[in-house]
Amino acid sequence: MHNVRKITDDLYWIGANDRRLALFENVHPIPEGVSYNSYILLDEKTVVFDAVDWSVARQQIENIEYLLQGRDLDYLVVHHMEPDHCSSIEELAIRYPKMKIISSEKGFMFMRQFGYKSINGHELIEAKEGDTFTFGKHTIAFLEAPMVHWPEVLVSLDVTNGVLFSADAFGSFKSLDGRIFNDEVNWDKDWLDEGRRYLTNIVGKYGPHIQYLLKKATPYLPQVKFICPLHGVVWRSDFGYILDKYDKWSRYEPEEKGVLIAYASMYGNTENAVEVLASKLVEKGITNIKMFDVSNTHVSYLISNLFKYSHLVIASPTYNLGIYPVIHNFVMDMKALNLQNRTVAIVENGSWARKSGDLLQEFFETEIKNMTVLNERIGITGAPNNVNLDETDALVEVLVESLNK
């Protein structure tokens with residue numbers, strides 16, 4: 001059965017949800033699922049904006065058939081060719097043999113790479129920066145958005161009704177539950193964490209490209225009345241809120257002053273040390289703290305919180321004379337995602353050869369940009385002792401001073 005919602009005059013949401021998928025991109029846990037958004041414009045010409053993942057293709061097709069009411073589908077606009085947004089292209093091409101396809105040059109290159117043979121015989125129309133297409137009373141203008149987050153990406157603006165089709169930008173993990181607009185949900189309470197986790201892990205590496213797109217799109221923003229992303233809610237209000245978040249995340253500026261404590265502990269001793277540290281911070285009035293056992297936490301949650309908080313306490317045992325493996329994986333993800341502009345404190349442990357602290361300090365000073373490593377450090381040899389209490393007090397003092405600047 002069809003399941004559609006009207007966005008504005010002539011435009012409908014025709015997407016679907018996947019609550020069965022465990023791992024997005026087979027990497028990131030999505031316990032609340034994900035939506036695959038697609039849209040249809042019913043003008044003199046009919047236009048579908050973006051395909052969907054194969055898992056929900058049947059729902060998209062039922063939605064299209066219901067709204068077309070026997071009309072032909074004239075155009076398919078493909079903003080982004082990642083398979084979760086393009087898998088139903090071939091089915092649409094088979095069902096609508098007269099359909100014309102609009103995409104970027106690299107978009108068509110990817111279609112050929114993915115082996116989409118059913119597009120052969122269809123008119124393929126290349127869209128470039130500044131191109132406009134008129135489908136009746138609606139005119140769509142295109143901007144190129146390379147590396148946000150694939151090289152072929154386009155975004156487009158319906159200059160008639162102010163709808164911005166933003167591809168993966170402004171998207172989020174989480175499935176929709178009938179509420180598809182941002183003002184139908186409490187985004188700050190129920191969506192912010194998943195929106196941040198999505199952006200920082202999927203597109204975080206490409207902050208400069210997001211900044212470039214934001215600047216390029218600035219002249220068009222006064223015209224925007226709706227933002228229609230490929231995942232998550234459709235925005236029709238509070239544009240300043242989400243734009244501010246994207247600006248901060250893409251400049252690697254913390255959302256909040258606070259402390260992320262990320263630790264790994266083989267037998268509980270390193271954990272004990274950071275528990276004491278956290279208690280002493282709270283006693284000094286620092287209550288914006290989040291603590292994770294890295295061994296039991298998917299790295300996407302760690303990265304998301306690191307984009308949120310200004311300070312990181314990282315605590316690692318020494319393992320094979322190196323950094324504990326899960327901590328090593330975490331810092332390598334930081335590097336891969338271009339994380340920067342944070343203040344770091346180190347807690348190390350080593351029963352007979354304490355090496356992890358020096359290795360972590362070297363990593364933050366040489367491998368990641370613009371990281372401030374505090375001189376004070378907690379160095380545990382086996383289990384925390386009275387010397388470590390003095391070190392903890394000293395570290396608390398410098399953390400408090402740094403957070404209160």
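Which residue just after α6 takes a positive phi? In this predicted model, the residue is Y252, with a phi of about 60 degrees. The legends below begin with that helix and its end.

**Figure 1. Helix α6 and the residue that follows.** Helix α6 covers residues 239-251, 13 residues in all. From the first C-alpha to the last, α6 reaches 18 Å, close to the 18 Å expected at 1.5 Å a residue. Just after the helix comes Y252, which lies in the loop between α6 and β17 (256-263). Y252 is not a glycine, yet its phi is positive, at about 60 degrees. With a relative accessibility of 3%, Y252 counts as buried.

Figure 2. The buried residues of α6 are F239, I242, K245, Y246, K248, W249 and S250.

**Figure 3. The loop at D10.** D10 is found in the loop between β1 (5-8) and β2 (11-13). Its phi is near 75 degrees, a positive value in a residue other than glycine. Most residues other than glycine have a negative phi, and most peptide bonds are trans. D10 has a relative accessible area of 18% and is therefore classed as buried, the cut-off being under 20%.

**Figure 4. A cis peptide bond at H149.** The peptide bond that runs from V148 to H149 is cis, and its omega is near 5 degrees. H149 belongs to the loop that joins β13 (139-144) and β14 (154-158).

Figure 5. The structure contains 0 disulfides. For C86, the nearest cysteine sulfur is that of C228, 20 Å away, and C86 is in no disulfide. C228 likewise takes part in no disulfide, the sulfur of C86 being its nearest at 20 Å. C86 is buried, with a relative accessible area of 0%. C228 is also buried, with a value of 1%.

**Figure 6. The largest nonpolar core and a second one.** The largest nonpolar core has 92 residues, of which I7, Y39, I89, I102 and M111 touch the most other members. Helix α4 provides the largest share of this core, 6 residues. A second, separate core of 29 residues includes F307, V344, I346 and V373. In soluble globular proteins, nonpolar side chains tend to be buried together.

**Figure 7. The contacts of M111.** Leaving aside residues up to four places away in sequence, M111 touches V78, M81, I89, I101, S103, Y116 and I119. Both M111 and I89 are among the residues that touch the most other members of the largest nonpolar core.

**Figure 8. The largest pocket.** This pocket has a volume of about 300 Å³. Its lining consists of 16 residues, and M266, T318, G350, S351 and W352 lie nearest the centre. Helix α7 (269-283) and strand β19 (309-319) each contribute at least two residues to the lining. The largest share, 3 residues, comes from β19.

Key
Residues numbered from 1 in each chain as written. Predicted model: local features only at pLDDT ≥ 70, side-chain atom pairs only at ≥ 80, totals over all residues. Heavy atoms only, no water. Helix = DSSP H or I, 4+ residues; strand = E, 2+ residues; numbered from the N terminus. Expected span 1.5 Å × (residues − 1). Buried < 20%, exposed > 50% of the residue type's maximum accessible area, 1.4 Å probe, protein only. Disulfide = S-S within 2.5 Å. Core = buried A, V, L, I, M, F, W, Y, C linked by side-chain atoms within 4.5 Å. Contact = heavy atoms within 4.5 Å. 1 Å grid on protein atoms, 1.4 Å probe; cavity = no way out; pocket = protein on both sides within 12 Å on 5 of 7 lines; lining within 4 Å. Points joined across faces, edges and corners; volume = space filled by probe spheres on them.
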